[in-house]
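Subject: Model for your files

Hello,

Here is the model we spoke about, with the findings below it. Please keep them together.

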Amino acid sequence: APCHLDGRWLPLNQAQVSVLDRGFLFGDGVYEVIPVYGGRLFRFDEHMARLAHSLDAVRIANPHSRDGWLTLLRELVARELAHSGQGDQLAYLQITRGVAPRSHPMPTGLTPTVFAMSQPHQPPGADQRREGVACVTARDFRWERGDIKTTSLLGGVMARQIAADHGAAETILLRDSGHGHGLTVTEGSSSNVWAVLDGALIGVPPSHHTLAGIRIELLRELCEEEGIACHLRPIAESELTIADEILISSAGREVLPVTRLDGEPVGHGALRGKPGPVYARLHAAYE
Ligand code: PDD
């Protein structure tokens with residue numbers, strides 16, 4: 001597969017970076033995952049705005065203008081299409097602070113390492129859409145800057161493994177809200193979390209504890225089109241157990257129904273443990 005590293009195009013299995021790259025030593029970098037449908041980047045400008053936020057937060061200068069990124073990523077997508085024949089892709093880009101002797105403070109004057117690859121997009125299969133997925137809950141032990149899409153992902157990796165150890169698809173993370181409301185949902189290890197309560201789709205308000213998923217605004221728009229009420233407000237742990245539906249969203253998983261939580265079926269009545277109507281409408285709208 002083709003990839004892009006520091007201005008050069010080369011096969012992915014030949015791309016190499018220095019062991020002194022701060023991305024390797026410190027996880028000192030940021031990234032984006034952008035879905036591509038039919039060879040076209042989806043919500044490109046939104047992903048670029050979030051990339052700019054991450055870069056600003058960690059004080060790395062953006063190595064490309066918006067149009068520079070667009071040119072680079074379009075070429076990447078075209079090369080991957082020629083390679084795999086797949087127009088539906090997940091484009092990945094990352095920028096690390098660059099190569100320097102190991103020392104914690106941010107060195108000045110480094111040239112950032114810029115890497116991009118794209119792989120065929122394997123959206124959730126028909127079985128996951130029909131049956132939904134199982135999730136588990138866990139305390140959110142990650143750091144307090146979840147708004148930065150950083151390659152320092154050990155917290156997310158460890159959180160996700162809790163689900164994997166239980167044969168579940170995602171770990172839904174809970175944090176003390178600090179406002180006397182007990183534990184509230186932050187997000188999944190690599191997704192945003194939604195609950196359907198009283199017919200309305202509820203999402204988590206933006207904060208430093210969560211990534212501003214590009215699908216948050218997208219699902220809000222789709223709710224508007226579909227006439228489904230949608231609010232962003234804290235979701236208490238106890239609300240997950242009474243929710244009619246639970247959904248997760250991300251670039252790779254699009255929108256998916258959660259039908260088991262900590263081993264218990266989600267929802268009520270005939271739809272208990274089954275994907276619900278809000279999911280079905282949002283998935284159709286997303287398609
Ligand atoms: N993850 N929250 C976290 C912690 C994430 O890592 C992601 C995405 C999301 C969803 O954001 P979006 O809708 O923009 O994909 C929320 C990507 C896909 C990943 O790390 O592979």
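With 287 residues, what radius of gyration would a compact globule have, and what does the chain have? A compact globule would be near 19 Å and the chain has 20 Å, which agrees; the radius is taken over C-alpha atoms, and the globule rule is 2.2 Å times the number of residues to the power 0.38.

This is a predicted model: local features need pLDDT of at least 70, side-chain atom pairs count only at pLDDT 80 or more, and totals for chains, interfaces and linings use all residues. Residues are numbered from 1 along each chain as its sequence is written.

The C-alpha trace spans about 60 × 45 × 35 Å along its principal axes. Of the 287 residues, 39% are buried (20 or more other C-beta atoms within 10 Å of the residue's own, with C-beta atoms placed from the backbone).

The chain has eight helices and 15 strands (DSSP runs numbered from the N terminus: H or I of at least four residues, E of at least two). Six strands form an open sheet with antiparallel pairing, in the order β2-β1-β6-β5-β3-β4; strands pair if DSSP finds at least two bridges between them. Its edge strands, β2 (8–11) and β4 (40–41), each pair on one side only. β1 (residues 2–5) is joined to β2 by four antiparallel bridges, and Pro2 has Pro11 in β2 as its bridge partner.

Among contacts (C-beta atoms, placed from the backbone, within 7 Å) between residues at least 6 apart in sequence, 68% join residues at least 24 apart.

Regards

Methods. Buried ≥ 20, exposed ≤ 12 C-beta atoms within 10 Å, placed from the backbone. Contact = placed C-beta atoms within 7 Å.
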